[in-house]
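Please consult the sequence and the model displayed below.

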Amino acid sequence: MSAATTRSRTPDRLCAEAVDLARAAAEEAAAPGVVGEHVGLVSEGDRVVTHFFECKELGYRGWRWAATVARASRAKIVTLDEVVLLPGPDAVLAPEWVPWSERLRPGDMGPGDLLPTDAEDLRLEPGYTGEDEPSPNSPVSHEMADLVEAEDAEVTAGPTTDLTTTPSRGSIAAVAEELGLRRARVLSRYGLHTAADRWEEAFGAKTPMAQAAPASCASCAFLVAVGGSLGQAFGVCANEFSPADGRMVSLAYGCGGHSEAAVMPKPPRPAPPVIDETRVDPFPLRPSPDSGSVPAVDDEDAAELGHS
């Protein structure tokens, strides 16, 4: 450890004894009666010491008034550098500021709240583009054609009914199993209606959230369609910030997390100032000669009524 480092960590004696000077400066900067006891000091460098005083002001528990004093080399007079209110080790501090887009959590949205969706949101992708292109899993799509060519598949001439053996995958039982219909029992019409009534009551058009929503779920990109007859009136919400995330919602339901919600409005522009302080108005020190009620004359003594 160098001598300079040792010297900077040792408080200067004259600066350390200047408690009254530091207290007077703190009391001048603070409100009356809020500067408390002297709670310590710390060496900031060569002949630079900061004194700490307890802060008694309400709402600033654990904060300290810090008054920094210093003296010049070979001088015996201690001078004041600055006074500031600093948080102590046990001070109550405000949490670190977080942008609203990162501060929002699932379930925070209430009726009337809007959650604008970013144009580059990774959770969304373009829907119908209007191009007359086959779907990727279509037999005539380019992807399937490339797959057939890569796998060197053989296309059998004629319909499959002419084959000696029918593939088991084409059987009615296999198709029913693939579609999820090969079950011992399925929902009856009564079961479907009771389920629809529950979902409509919880996430339907009459809920406060839907009443304050900018649009319905029918036009939202976060709505996942469901098959069967229920798909005509319901879908599954896939917006993690929506209160209906992962729930079966009515197509007439809606919330502020709609994918096409309005963009955040721009902050209002302040009104023009009543007094324009940027412009300088000329103000004559003496009145103009022609500003009176009678015309100016050369000889004011000879004027009949004088000049006003």
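A salt bridge is taken here as a side-chain nitrogen of Lys or Arg within 4 Å of a carboxyl oxygen of Asp or Glu. The model is predicted, so local features need pLDDT of at least 70 and side-chain atom pairs pLDDT 80 or more, while totals for chains, interfaces and linings use all residues. Residues are numbered from 1 along each chain as its sequence is written, and side-chain values use heavy atoms, without hydrogens and water.

The structure holds two salt bridges, listed here.

| Salt bridge | Closest N and O atoms |
|---|---|
| Arg-71 with Asp-12 | 2.8 Å |
| Arg-13 with Glu-17 | 3.5 Å |

Arg-71 forms its salt bridge with Asp-12. This pair links distant parts of the chain, 59 residues apart: Arg-71 lies in the loop between strand 3 (63-70) and strand 4 (79-87), and Asp-12 in the loop between helix 1 (3-9) and helix 2 (13-16). Helices (H or I, at least four residues) and strands (E, at least two) are DSSP runs, numbered from the N terminus.

Buried denotes under 20% relative accessible area, exposed over 50%, and partly exposed in between (1.4 Å probe, protein chains only). Arg-71 and Asp-12 are both buried. Arg-13 counts as exposed because its relative accessibility is 56%, and Glu-17 is exposed at 53%.

In helix 3 (residues 19-29), Ala-22, Ala-25 and Ala-26 are buried. Viewed down the helix axis, the buried residues fall within an arc of 100 degrees and therefore line one face; the arc is that of the directions from the axis to the C-beta atoms. Asp-20 and Glu-28, on the other side of helix 3, are exposed.
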